[in-house]
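Please look through the sequence and the structure shown here before reading on. The report then takes up the fold, the sheet, the core and the charged pairs in turn.

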Amino acid sequence: MQLVREMEEYFLENMLHGICQVHIALRDLGVPHADLVSEHGMMFMVRRVKIDYAGSARLDDLLAVTTRPLKVGAASVDLLQGFSRNGAADELVTAEIQLVCVRLDGQRPVRIPPKWREALSRLAG
């Protein structure tokens, strides 16, 4: 499944919005991030980001941000984001993002609970 949102902001801020898209999609699938926190004392956090710039955007350009889960691991989720000018096929920027599931206390990686792993796998297609 591909999550798309149009933005008029900076790339890094858009990246955060793309991550929020995943959280919104999880909520829509009945497994909100807030429940992961309240029921399991866990949360997702960004572990790694790799950004490739192929073009530039200017302030006030309307950008389309596409977020797609690529791989769901035991404790992590790999996302691919693409940034393009609204309506254009060529991506200006691609970002590979790894989210990791951690315990709130100590922020050590832990296995993603089955409900969330299944929902993320459905998003990954």
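What follows is a short report on this predicted model.

## Overall plan and confidence

The protein has 125 residues, of which 40% are buried, and its secondary structure comes to 3 helices and 5 strands. Read from the N terminus, the elements follow the order β-α-α-β-β-β-β-α. Among the contacts between residues at least 6 apart in sequence, 65% join residues that are at least 24 apart.

Because the model is predicted, each residue carries a confidence value, the pLDDT, on a scale from 0 to 100. The mean pLDDT of the protein is 82, and 83% of its residues reach 70 or more. Confidence is lowest in strand 1 (residues 3–7), where the mean is 49, whereas helix 2 has the highest value, at 93.

## How the strands pair

Strand 5 pairs with strand 2 in the antiparallel sense over 11 bridges, and Met45 stands opposite Val100 of strand 5. Strand 5 also pairs with strand 4, again in the antiparallel sense, over 9 bridges; here Ser84 is found opposite Glu91 of strand 5. Strand 4 in turn pairs with strand 3 over 9 bridges in the antiparallel sense, with Arg85 of strand 4 as the bridge partner of Leu63.

Two of these pairings are hairpins. Strand 3 is joined to strand 4 through 3 residues, while the hairpin of strand 4 and strand 5 has 5 residues between the strands, with Gly87 in the turn at a positive phi of about 90°. Gly87 and Ala64 are 23 residues apart in sequence, and their C-alpha atoms are 7.8 Å apart in space. Ala64 belongs to strand 3, and with a relative accessible area of 10% it is buried.

## The nonpolar core

Which residues have the most contacts inside the largest nonpolar core? This core has 24 residues, and those with the most contacts inside it are Leu26, Phe44, Val77, Cys101, Ile112 and Leu120. At least two residues of the core come from each of helix 1 (11–28), strand 2 (42–53), strand 3 (63–72), strand 4 (76–85), strand 5 (91–103) and helix 3 (114–124). The largest share, 6 residues, is supplied by strand 5.

Where do the buried residues of helix 3 lie around its axis? These residues are Trp116, Ala119, Leu120 and Leu123, and they cover an arc of only 100° around the axis, so they are on the same side of helix 3.

The face of helix 3 that is turned away from the buried side carries the exposed residues Pro114, Glu118 and Arg122. Just after helix 3 comes Gly125, which takes a positive phi of about 90°.

## Charged pairs

Side chains of opposite charge can pair when their charged atoms come close. With a cut-off of 4 Å between a side-chain nitrogen of Lys or Arg and a carboxyl oxygen of Asp or Glu, the count comes to 2 salt bridges.

In one of them, the side chains of Glu39 and Lys115 meet at 3.9 Å, N to O. Glu39 lies in helix 2 (residues 33–40) and Lys115 in helix 3, so this pair ties together parts that are 76 residues apart in sequence. Glu39 is partly exposed, with a relative accessible area of 47%, and Lys115 is also partly exposed, at 42%.

In the other, the side chains of Asp61 and Arg85 meet at 3.2 Å, N to O. This pair links distant parts of the chain, since Asp61 is in the loop between strand 2 and strand 3 and Arg85 is in strand 4, 24 residues apart. Arg85 is partly exposed, with a relative accessible area of 34%.

Methods. Residues numbered from 1 in each chain as written. Predicted model: local features only at pLDDT ≥ 70, side-chain atom pairs only at ≥ 80, totals over all residues. Heavy atoms only, no water. Core = buried A, V, L, I, M, F, W, Y, C linked by side-chain atoms within 4.5 Å. Buried < 20%, exposed > 50% of the residue type's maximum accessible area, 1.4 Å probe, protein only. Helix = DSSP H or I, 4+ residues; strand = E, 2+ residues; numbered from the N terminus. Arc of directions from axis to C-beta. Pairing = 2+ DSSP bridges. Contact = heavy atoms within 4.5 Å.
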